[in-house]
Amino acid sequence: MTWSDTTDTILVVSADRAARTFLADNLTADGYEVMESGSVESARRLLVQSFVDLAVVDRELPDADGLELLRFVREAGAVAPRVDTDLPVILTSADASPLDRVRGLERGCDDYLSRPYAYTELRARVGALLRRRQRLVTASRMRVGSLEIDALARQAWIDGRSLTLSGKEFSLLRTLAREPGRVFKRDELMATIWGWSEGGRTAQRTRTLDSHASRLRRKLSARGANYVINVWGVGYRLVDVVAPEPVEAEQLVA
């Protein structure tokens, strides 16, 4: 699996069909993959269904202010775990005032452009944000033995085979993989992944953690390898293990 052969995907959200087409045509000519949306609701569906690297969002949309889409992205972790809450977002609006820009930045946008703007300026801002994102993506990739994790894309592979993990299973894996070999205490994992305060352990919460860890262990099992180790009475750790070599039939003959 290689990481450098991917093309960045940009979501353009605007109610103006002509403006969307203009941006899509020019961004495509500059080598980007482009998806288009004319409303907040359709953009939400695209973000849930597809992986996007950056979004250009007009605030004047027919069903809601573009700020609502920005809020959805930044708060998506609990309701739409496939959406990247750190997705770079450029907001645009007609004749944006300084207060508009400040409000957008305070709500979590990465850049703000006032229309009309030159396409060359938008392209430069897109390039700058994607370069910054690439540095974050590189830092987010982890490898433990034959296990590979992309924290931003929320994807994991073992021996090159994609793993199907629930949101909480992936969060557990990502947390353990940050420090392979370290024992993470149960209270710490419950606070990090579920938001339950440390020291607030109950039998039900402990069972929830244990059941997720058990499912994750089964999904990671490859050729007899066991990556997730239960440290009895303490918590869990992720280890780099080498699966046992298959025993040849001849070796079994006395």
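This section describes the fold, the packing of selected elements and the local backbone features of a predicted model.

The chain contains 9 helices and 12 strands. Of its 254 residues, 41% count as buried. Among contacts with a separation of 6 or more, 54% are between residues 24 or more positions apart.

An open sheet is formed by 4 strands in the order 6-7-8-9, with antiparallel pairing. Its edges are strand 6 (141–144) and strand 9 (161–162); each has a single partner strand, so one side of each lacks a neighbour in the sheet. Strand 9 pairs with strand 8 (residues 155–158) in the antiparallel sense over 2 bridges, and Arg161 in strand 9 is the bridge partner of Ile158. Helix 7 (residues 167–177) packs on this sheet, where it touches strand 6, strand 7 (147–150) and strand 8. The direction of helix 7 makes about 110° with that of strand 7. The loop between strand 8 and strand 9 holds Asp159, a residue other than glycine with a positive phi, near 55°. Asp159 is partly exposed, with a relative accessibility of 44%.

A separate pairing joins strand 11 (residues 228–231) to strand 12 (residues 235–238) through 4 bridges, and these strands run antiparallel. Ile229 has Arg237 in strand 12 as its bridge partner. The two strands form a hairpin with 3 residues between them, and Gly233 in the turn has a positive phi of about 80°.

Helix 8 (residues 186–194) and helix 9 have axes that come within 11 Å and cross at roughly 80°. Helix 8 and helix 9 are therefore roughly perpendicular to each other, as angles of 65 to 115 degrees count as such. On the helix 8 side, the contact involves Arg186, Leu189, Met190 and Trp194; these meet Arg205, Thr206, Thr208, Leu209, Asp210 and His212 in helix 9. His212 lies in helix 9 (residues 203–220) and is buried, with a relative accessible area of 12%. Beyond its neighbours within four places in sequence, His212 is in contact with Trp194 and also with Ser166, Lys168, Glu169 and Leu172.

The whole structure contains 1 aromatic pair. The ring centres of Phe22 and Tyr119 are 6.2 Å apart and the ring planes stand at 85°, so the pair is edge-to-face. Because Phe22 lies in helix 1 (residues 17–29) and Tyr119 in helix 6 (residues 119–140), the pair ties together parts that are 97 residues apart in sequence. Phe22 is partly exposed at 46% relative accessibility, whereas Tyr119 is buried at 11%. A further ring, that of Phe184, has Arg182 over its face, at 4.1 Å from the ring centre.

Two other backbone features occur in loops. The peptide bond from Arg115 to Pro116 is cis, with omega near 0°; Pro116 is placed in the loop between strand 5 (111–115) and helix 6. Asp95, in the loop between strand 4 (89–94) and helix 5 (98–107), has a positive phi near 50° and is a residue other than glycine. Asp95 is exposed, with a relative accessible area of 62%.

Definitions and conventions
Residues numbered from 1 in each chain as written. Predicted model: local features only at pLDDT ≥ 70, side-chain atom pairs only at ≥ 80, totals over all residues. Heavy atoms only, no water. Buried < 20%, exposed > 50% of the residue type's maximum accessible area, 1.4 Å probe, protein only. Contact = heavy atoms within 4.5 Å. Phe/Tyr/Trp six-rings, centres within 6.5 Å; stacked < 30°, edge-to-face > 60°. Lys NZ or Arg CZ within 6 Å of the ring centre and 35° of its normal. Pairing = 2+ DSSP bridges. Axes fitted to C-alpha atoms, helices over the stretch in contact; angles between N-to-C directions. Parallel < 35°, antiparallel > 145°, perpendicular 65-115°, else oblique.
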